[in-house]
Protein chains: 2
Amino acid sequence: MNEEQRIVMLSRVFSAQAGEEAGIEVGIGDDAAVLAGSHARSRLVWTIDEQIEEVHFRREYLSWHDLGWRSFMAAASDLAAMGAEPWCALCALAVPLDVTDTALEEIALGQSEAAAAIQAPVVGGNLSRSSPKSGLSVTTTFLGRCEVAIERRGARPGDGLWMAGHLGLAAAGLKTLERHVDHRAPLAAAVAAWRTPRALIAEGRAMAAVASAAVDVSDGLARDASHLGTAGGVCIALHEASLLADDALVAAASALGESALDLALHGGDDYALVVASTVPVPGFRCIGEVREGSGLILRNVDGDESALEAKGYDHFARSP
Amino acid sequence: MNEEQRIVMLSRVFSAQAGEEAGIEVGIGDDAAVLAGSHARSRLVWTIDEQIEEVHFRREYLSWHDLGWRSFMAAASDLAAMGAEPWCALCALAVPLDVTDTALEEIALGQSEAAAAIQAPVVGGNLSRSSPKSGLSVTTTFLGRCEVAIERRGARPGDGLWMAGHLGLAAAGLKTLERHVDHRAPLAAAVAAWRTPRALIAEGRAMAAVASAAVDVSDGLARDASHLGTAGGVCIALHEASLLADDALVAAASALGESALDLALHGGDDYALVVASTVPVPGFRCIGEVREGSGLILRNVDGDESALEAKGYDHFARSP
């Protein structure tokens, strides 16, 4: 099974209990779980994310401080995707014996700085050695709060598709690091996008007032936007021209000899927000629309349309 | 630094924010964080625990189903230690490519069965590949609820020290597995104690009505009881006779040629609860008392007393 098939399987195993428990408003399958609060307009939003050495990062690609910051923001992005305000976090660190006290402190300082940036203090966690041959991992769980959580389902035909942040820039940064090429402009912005992303909390709060559905882009736009389509039973159409209207991306792609469109469609790790809304969303720009039907469509710069594969990062894909 | 020194360091890094945030009643350093609820008698208790292959378990020691059960119960034990009622959980799985779909489903079934046993459904999580050379890890975060959370601090001179569950039995089980000796009685109970522990939720709820301080025993009694002493600024005296009043432990220790007292004092993974209380606690038995002063004392069966080292499992100890 690939990653999505495995998640469906896990969801089936766990659904027996989850559906019965009072207070569980959104369970497995969205960006975060949503729990009923004590009064109708207060909800808890709860998410967990793990960043694993040699899977999500390599030590040579970023500083310990960046690792702390990046893991914290990556996890917080799921709160942004639900329109929630961060409350606080727990961090579990699995640390090989070759990671020094100083390195550990640097990771914590990066987490702490990210916590200050989104006003979500670290209130606990777990510290464990990891196995001799395995690497470091950082797991972060967040609680957030909101009045209404914006789920993946809910996009309606006629909605516009709106995006905040960058798409493809972090993937360009990762390619820069993988190829050991010079980090100067225009690639500096790309490397920074990969190393030190920001969870778009304010943008998430803004979209929560109007959006019908939302997702954050961690595994690539095509894959994550397709979640909106599948969950809502609708077709998602993306506009190539709007995806290319990002000077930082186009310059980075050009310097790398890569297709800016491919990076925007399939590159992950940007933690952009993509939402469906009938009205413009402050701080977001239009990148497509929601239609009746199913699947993903790309409208190119000439106005021609073609089906688009929902490919993106899959942890268990047979052929990567 | 050893594990405790590292936790102190992390606590210092994170304390800048945590103290300022409204609604954080207990932060880093207890069994779980405690967050203010919407009214005075409702609190959220929040914990995270990670079980890592080759550190916390080896595949040959337990079934996939047991791994799911065990990781879930180990995490839930921190709720029991605060006197909280479990609400729900998120599970993050980091899975090497050699773990099959069937194995993954078995882990989830073990988690799901444990979830049913303590009425805390899994409402979300994270699924990731782990690095090629590293092993499997299961991270579980729980939310619980309570009126009053029982912290590690609060033990007062004159309190009795009360215990629910077994001490040392799981360690005897782990030794049985490590030595590949026959699992038949009296070692079957020990192996079961290690493989399929139970979070003592009902006992935790019972003690919450009377206890002045509480901790669960995951790293050995001497070490975990010393947390009660340090947090409360008191001395903890343990009674050898009461620690040996456990037929299952004594039989298992004898079959292994091990000291039952050493297993009870320093063996981990039992998830027993140890609490300080002026009055007897239903379902608990007395294993010592709280005195003025500091440190740990053992009163042997002859009534002689000696200082006891707070040694136990330390992930980063220089000499294990």
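Residues are numbered from 1 along each chain as its sequence is written, and chains are lettered from A in the order in which they are written. Because the model is predicted, local features need pLDDT of at least 70 and side-chain atom pairs count only at pLDDT 80 or more, while totals for chains, interfaces and linings use all residues; side-chain values use heavy atoms, with hydrogens and water left out.

The largest nonpolar core has 99 residues, and Leu221(B) and Leu238(B) have the most contacts inside it. Such a core is a set of buried Ala, Val, Leu, Ile, Met, Phe, Trp, Tyr and Cys residues joined through side-chain atoms within 4.5 Å; buried means under 20% relative accessible area, exposed over 50% and partly exposed in between (1.4 Å probe, protein chains only). Its largest share, ten residues, comes from helix α2 (residues 64-82) of chain B. Helices (H or I, at least four residues) and strands (E, at least two) are DSSP runs, numbered from the N terminus. Leu238(B) touches residues including Leu161(B), Leu221(B), Leu265(B) and Ile287(B), not counting residues up to four places away in sequence, where contact means heavy atoms within 4.5 Å. Apart from this core lies another, of 98 residues, among them Ala80(A), Ile107(A), Leu221(A) and Ile236(A).

In chain A, the axes of helix α2 (residues 64-82) and helix α3 (residues 101-117) come within 7 Å and cross at roughly 40°. Axes are lines fitted to C-alpha atoms, for helices over the stretch in contact, and angles run from 0 to 180 degrees between N-to-C directions. α2(A) and α3(A) are therefore oblique to each other, given that angles under 35 degrees count as roughly parallel, over 145 as roughly antiparallel, 65 to 115 as roughly perpendicular and the rest as oblique. Helix α4 (residues 169-178) of chain A packs on helix α5 (residues 187-195) of chain A at an angle of about 100°, with the axes 7 Å apart; α4(A) and α5(A) are therefore roughly perpendicular to each other. In chain B, helix α4 (residues 169-179) and helix α9 (residues 247-256) have axes that come within 9 Å and cross at roughly 25°, and α4(B) and α9(B) are therefore roughly parallel to each other.

Several loop residues were also examined. A cis peptide bond, with omega about 5°, joins Ala185(A) and Pro186(A), and Pro186(A) is found in the loop between α4 and α5 of chain A. Ala185(B) and Pro186(B) are likewise joined by a cis peptide bond, with omega about 5°. Most residues other than glycine have a negative phi, and most peptide bonds are trans. Gln119(A), in the loop between α3 and β5 (122-129) of chain A, has a positive phi near 55° and is exposed, with a relative accessible area of 61%. Gly268(B) is buried, with a relative accessible area of 16%.
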